[in-house]
Each structure stands twice: as structure tokens, then as C-alpha cells.
Amino acid sequence: MTRSLAQRALLTLLRPVQFLGYALVGLIPRRRDQWAFGCWDGHRFGDNAGAVFLHVALNPIEGVRTAWITNEREIRRQLRSDGHRCYTTWSPPGMWFAARAGIYIYDSLPKDINFWLSRGALLVHLRHGIGMKKIERAIDAPDHRLYKLFHGRPLQRAFWRLLLPWHVPTPDLLMSCSPAHADQGRELFGVPPDRIRITGFARHDELVPVPPQDRAAIPTQGEPIPVDRPVFLYLPTFREGLGRQGFDWESLDEAAGRAGVTIAVKLHFVDATRGVLGIERAQRAENLRIVDPTVDPSRLYPHADGMISDFSSAPFDFMLLDRPIIYYAPDSAAFEAARPLMFTLEEIAVGPICHDAATLSEALRASRRGVIDAYRARYEQIRDHFHTYRPGHASARVVDAVLETLVHGRQDPNLPYRYEYVADGEAAGLHETLPPPPDAAARADQS
């Protein structure tokens, strides 16, 4: 899944060819009834894009064809076995679908689908999280590559645009969870307010109704999670840099043991991919369990009694379940020095902030029975500040926002509309008003 330095160097040398292809693909007519989905650089299926993709599959829109684009053959195999259209990124049908798709729906960047074939598509950015860390245009650390891309000297901007061009396009439509979350849209992504919609996160739809707790629903790499004691999910965010990260597994294990809980460690996908130092010690620990890092974390939340995290966006999601959250950041000074933040822990925490294993153990004991009373009012205040909606119907709101944008013709206001969107009644959906062009995509499907 990760590329070697030699592969990265080769791709960089091919940039002139790739940019030429990017320019030419903009000449291919886009089909607004063709929607491409993807997430996590094409290496995962899930998150908000996965939720909207499945929603459209269960609630088809008349005249709309969807496909998931992935770099992983196993994802393609699984989705096709479930009856969904899915292509690998650089297969002929995958390239043709991506080049013709009028709508790109993704979580982080257009390269979640295929950046080089995205020119001319309407870019719908669902966002990966609410988050504490500054990202994209908001990063104000002069040594950071994205600061150099957006705010550096002309030669710096040109160099990093060559290396990271998928960060440059401004989304045509940006989804948010609340007005406070929407306000970050211009600072982070350069999106004006009239192109931001408050929909909530589609992945939260799975929390309605909240499924009964089931320890077996937290897949572990090794021994299963005991059923006779509380379980707290530990979701640390990834640490900046390309090196393998290390955690104090022994202290974490001791803290869990003293508190009488099990800690299920769900590593960030980035750290899990590049490897974590001492992971074998964590796998042998009595009170720790390593969770499959490829699992969408939102599927784990209902089955945990509480959460431990740090600078991750995960606590903002977990707040919707009204369960205790503990912030464990033994390296907070070093982390904050390396990565600019939108908020400090003190400004945003809805539970105890712990900097060592001893205070973590105390917080776990206090949180075993639910949200600590001293944090109740703050918990509700922060949750309501960042979540306009409670879980449910976010996928439908996303689809409505896309259809509304199509109807008002943001991309080609001078062209006759091919579609009419009917909002209510038996005829609700997207209807063709002009004859469709020859369906070359159908021929590609058969190849």
C-alpha cells in the first residue's frame, strides 16, 4: 500500500506527462449523471464517502450511475460481490468512468478517486473530520510543506505544486457539521460560504439506532476483548513525519490494569501503514488489545464504554453517543510544537486531560460509570457547538446538496440543463430533460 522512495521518484519524473494528461482530460465532456466515489487515497472503503455511496445504492436516483474507484483489488472484489459497481484506479473502465464522471465525491482530496482525471468534475468534499489540527491552507508553520505550497515564496509554491498538485483545487461543494465547522471552510480549503452546506457527517447515520454493545464487533488482531470488564477505545492521531512511531505500551497496560478496564488500541491508518515501534509488546499486554486498523472507527464506537484520544477528530464523533472521553497526551508539548492546532486541549476537552499513566488510570476509574459530572455541562456545550444535527439522514442531506447544485447549474450556467430535480412526491429524483449522449461508458463496462 505504501510506495517506495524509488516509486515516488519515478512518479515525480513523470509529472510533465501527468500534467499534460490532466489538461487534456478537461476536454472530455463530463456526465452529470455519473458520480465517482473514493476515500483515503484509494486504499480504503468507508468514511463519509462510503456511507453516501451505500445510501445511493439503497436509494437509487433516477438516471444516476455511481462507481467506487479504488487502488485495492480486494475492495473491488468485495464491492462487486455485494452488487456494486467498482473499478480499480488505472484499469481502462476505471479511467473512463473517472474521466467522464461529472461528480467527484470524496473525503479528503481529489486523489481519493483519481486527481489526474478530475479536471472539469464538480468536486464534492465531504471532509474527514472536525479535527483539532490545522490542515491545508490554515497551516501556519513555515517549515511545513503545505505552508510552502500555499504561502511560500513563488519558487517554493511552484515546487510543491509540482509535487502535491491535488491539494490545490478548491472544492465546488463542501459539507460541514455545524455553523462553527462551516466557518473553517474558507480558512482550511478556500471555499466561500455560498458553497458550504451543513449536512452532518454521513458516517454518523450508522449510529441510528445505536446498536447494542457487542465486544465481538471490535475486531482484534489476537485475543478477543473480555466481556466481563469495561472497554475503552484508544485512538491516537498520527504523528507528523515519516518515521515509525513509538508508544509507551507498558505504562498504558499498567494504567488499564489498575483501573480494571481493557484498552482497545485502534491505530491511525497512517501509523498502522508505516509501522509502530514495539507493537509486539502491545500485542502481548494483558490489558491491551490491538484493533484491526483498517476498520472504520465509527463502526466501533457503539461497542465501547468510553474513548481515550489526544489530538484526533475521533472525540468529536464519539460525543454523539454521550459516553466518557479522556484525553491522553504524554507528548503534548512536542506534538503542539510540530503541528499547529485549531484549538488547544484545554479549549476543547470534554473530559480529563492526562499527561501520564497515573492520571490516566485515575480518569479511567472515574469514567467507568459514564461522563464525569464535572464535565457534563461542557460536554453538551461542545457537542452542540459542533453538531447541528443528531445522527441520521446526513447522507440524504449530502445527496440533496449535490442535486441542488446540479439543478442550479454552477458549472455551465449557459448550457441547457439535461436534468430536472423533483424534490417531493412520487416523481422525486433526477429526471432527464434532454436526450442522453451516446453511452460510451457502457461499452467500457463490458471491456
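In this predicted model, strand S13 (residues 306–309) pairs with strand S14 (residues 325–328). The pairing is parallel and runs over three bridges. Within the pair, Met-307 stands opposite Ile-325 in S14. Helix H9 (residues 249–259) packs on the sheet to which these strands belong. H9 touches S8, strand S10 (262–265), S12 and S14. The direction of H9 makes about 140° with that of S10.

The sheet itself is open and has six strands. Their order is S12-S10-S8-S13-S14-S15, and the pairing is parallel. Strand S12 (288–290) and strand S15 (353–354) form the edges. Each of these edge strands pairs on one side only.

Another open sheet is built from seven strands. Here the order is S3-S2-S1-S4-S5-S6-S7, again with parallel pairing. The edges are strand S3 (86–88) and strand S7 (196–198), and each pairs on one side only. From one strand to the next, the twist averages 25°. At one end of this order, strand S2 (residues 65–70) pairs with S3 in the parallel sense. Three bridges link S2 and S3. Thr-70 stands opposite Thr-88 in S3. Helix H4 (residues 73–81) lies across S2 and S3. H4 runs at about 165° to S3.

In total, 18 residues line the second largest pocket. The closest to its centre are Arg-44, Phe-45, Ile-75, Thr-294 and Arg-299. By class, the lining comprises seven nonpolar, four polar and seven charged residues. Such spaces can be located with a simple probe: rolling one the size of a water molecule over the atoms shows where empty space is left.

Two helices form a further contact. Helix H3 (residues 47–58) packs against helix H17 (residues 394–407) at an angle of about 80°. The two axes lie 9 Å apart. The angle therefore makes H3 roughly perpendicular to H17. On the H3 side, the contact involves Ala-51, Val-52, His-55 and Val-56. These residues meet Ser-395, Ala-396, Val-398 and Val-399 in H17. Six residues of this contact are nonpolar and two are polar. None is charged.

Trp-40 lies in the loop between strand S1 (31–38) and H3. Trp-40 has a positive phi of about 50°, although it is not a glycine. In the loop between S7 and strand S8 (231–235) sits Pro-209. The peptide bond from Val-208 to Pro-209 is cis. Its omega is near -15°.

Note on methods:
Residues numbered from 1 in each chain as written. Predicted model: local features only at pLDDT ≥ 70, side-chain atom pairs only at ≥ 80, totals over all residues. Heavy atoms only, no water. Pairing = 2+ DSSP bridges. Helix = DSSP H or I, 4+ residues; strand = E, 2+ residues; numbered from the N terminus. Axes fitted to C-alpha atoms, helices over the stretch in contact; angles between N-to-C directions. Contact = heavy atoms within 4.5 Å. 1 Å grid on protein atoms, 1.4 Å probe; cavity = no way out; pocket = protein on both sides within 12 Å on 5 of 7 lines; lining within 4 Å. Nonpolar A, V, L, I, M, F, W, Y, C, P; charged D, E, K, R; others polar. Parallel < 35°, antiparallel > 145°, perpendicular 65-115°, else oblique.
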